[in-house]
Amino acid sequence: MQTDYERLANLNKDYLWNPFTQMKDYITSDPLIIERGEGIKLYDMQGRAYYDGFSSVWLNVHGHNVPELNQAITDQLSQVAHSTLLGMANRPAIELAEKLAKITPRGLNKVFYSDSGATGVEIAIKMAFQYWQNKGVKSKTTFITMNQAYHGDTIGAVSVGAIPLYHDIFRPMLFPSHVIPYPYAYRHEGGEKSALDATLTALRDLLETRAEEIAALIVEPIVQGASGIVTMPLNCLREMAAICRKYDVLLIADEVATGFGRTGAMFACELEDVSPDLMVIGKGLTGGYLPVAATLATDEIYHAFYADYEEQKTFFHGHSFTGNPLGCAVALASLKLMEERNMIEGVEAKAAFVEQKLSNLKDRPHVGDIRQKGLMVGIELVRNKDSREPYEWIERVGVRATQRARELGMLTRPLGNVMVFIPPLASTETELDAMTDILAKSIIDVTEGG
Ligand SMILES: *Cc1c(COP(=O)(O)O)cnc(C)c1O
């Protein structure tokens, strides 16, 4: 007799194709099958508990199975699960739009929904493109992105992506984008100041000669996530925004990872008082509960589409589940909880605690760089600390450290040789204490354990 776990594990291997997963490896493992969640812990089918040390891929805010969020969904469910936003509306979608306009940087007053970060990015790109077309500026058709950028996995989002491992294979089918360097201080000869100069100079030089071809710059503000949690030097974002404004190029802020308190402010743009022209949000928007994303636009952009029907300036874009009432209802409930519990204000003290705990790792022989903004942490592991020589990717040091963390009771997912720690904002100091202990032990065990 096979157990229920064995049955599901086999069905997983027979029928399920997991994302970002080499199935040949997966098929030989005992898959982790999550059965339920409670607080910041997830429980597998065998009843083993794991801290959710990466917020279920950077989404979760309040923990799992939160009564207030569950209630918001059941309340809405007893009204209607879904109805379209094409040419009509629903209560939670409207109320959430108002709320989002209020909490996002000034000027962003129009909310266009979708269902994932990638679709939110597609919308921002298409809006930026059509904005210039509608205004009669036909030449502004290309985009600038940053080296190692990640904006999601649909074709438009991949076209402004710059992570070779994920994106290069698709290059022949993508539209070309300009790529400027990202200020990756740890791996920049000359350090932070020089990395910052290189970025700003590249942007200025590009816009000096080609601004009339360029619709927008897209950027992950303050923290570049998927490249390895790489933080920007101070004032980088502010300077980039000023350069874009000077040359009449739109700024798209991809706050999918950084939004909703993750970096210590509601949105990372606030840290440098930047108001982008378009902003994409997702992940934490629903507290990590349901797939809702949104693209926010300024009135200026909105009004370039606002015209007599015959002018054909309509934004012809939408998804079946755009503005889903269940998702919008839980997003509203999540934002309410964030306010009631002063969660953003709480991030600073939690982040300081984590920073102090992780400082013990600084002297370890294979910990190259510890990067942190709020509750977003990346620890870059290196073979040689003095020369900063990386581990070969084939050694899968990040994967092994993550596996060790799982054995010790915490889930996370590495980014190459970078260990990622992105706990739910609701994590208490006691929980952060336990999680950082596991994080440190898994790193030490794998890099020093022989
Ligand atoms: C996760 C992420 C995306 C993609 O969001 P999905 O919901 O996975 O499509 C886009 N941009 C950034 C910065 C992200 O971290």
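User: How many salt bridges does the rule find across the interface of domain 1 and domain 2?

Analyst: Keep in mind that this is a predicted model. For a salt bridge, you look for a side-chain nitrogen of Lys or Arg within 4 Å of a carboxyl oxygen of Asp or Glu. Across the interface of domain 1 and domain 2, that rule finds one. R187 and E380 meet through their side chains in a salt bridge, at 2.9 Å from N to O. Over the whole structure, the search gives 24 salt bridges.

User: How do I read the size of the interface, and what area do domain 1 and domain 2 bury between them?

Analyst: Interface size is often quoted as the accessible area lost when the parts come together. Here domain 1 and domain 2 bury about 2,700 Å² between them, with 60% of it on carbon and sulfur atoms. On the domain 1 side, W58, I344 and M376 supply 22% of the area buried against domain 2, more than any other three residues. Counted by contacts, 35 residues of domain 1 touch 33 residues of domain 2.

User: How many residue pairs are in polar contact between domain 1 and domain 2?

Analyst: That count is 17 residue pairs, both partners at pLDDT 80 or more. As for who supplies the domain 1 side, the elements giving at least two residues each are α3 (55-58), α13 (343-358), β13 (367-373), β14 (376-384) and β17 (418-421). By class, that side has 19 nonpolar, 11 polar and five charged residues.

User: Zooming out, how many helices and strands are there in the protein, and how compact is it?

Analyst: You'll count 15 helices and 17 strands. The radius of gyration is 22 Å, close to the 22 Å that the globule rule gives for 450 residues, so the protein is as compact as a globular protein of that length. Along its principal axes, the C-alpha trace spans about 65 × 60 × 45 Å.

User: Which residue meets R7 in a salt bridge?

Analyst: That's D4, with the side chains at 3.1 Å, N to O. Both R7 and D4 sit in helix α1 (residues 4-15), three residues apart, about one turn of the helix.

Technical notes: Residues are numbered from 1 along each chain as its sequence is written. This is a predicted model: local features need pLDDT of at least 70, side-chain atom pairs count only at pLDDT 80 or more; totals for chains, interfaces and linings use all residues. Side-chain values use heavy atoms; hydrogens and water are left out. Contact means heavy atoms within 4.5 Å. Buried area is the accessible area (1.4 Å probe) that two parts lose on being put together, summed over both. A polar contact is a pair of N or O atoms within 3.5 Å; within protein, one must be able to donate a hydrogen and the other to accept it, and residues adjacent in sequence count only if both atoms are side-chain atoms. Helices (H or I, at least four residues) and strands (E, at least two) are DSSP runs, numbered from the N terminus. Ala, Val, Leu, Ile, Met, Phe, Trp, Tyr, Cys and Pro count as nonpolar, Asp, Glu, Lys and Arg as charged, and the others, Gly among them, as polar. The radius of gyration is taken over C-alpha atoms; the globule rule is 2.2 Å times the number of residues to the power 0.38.
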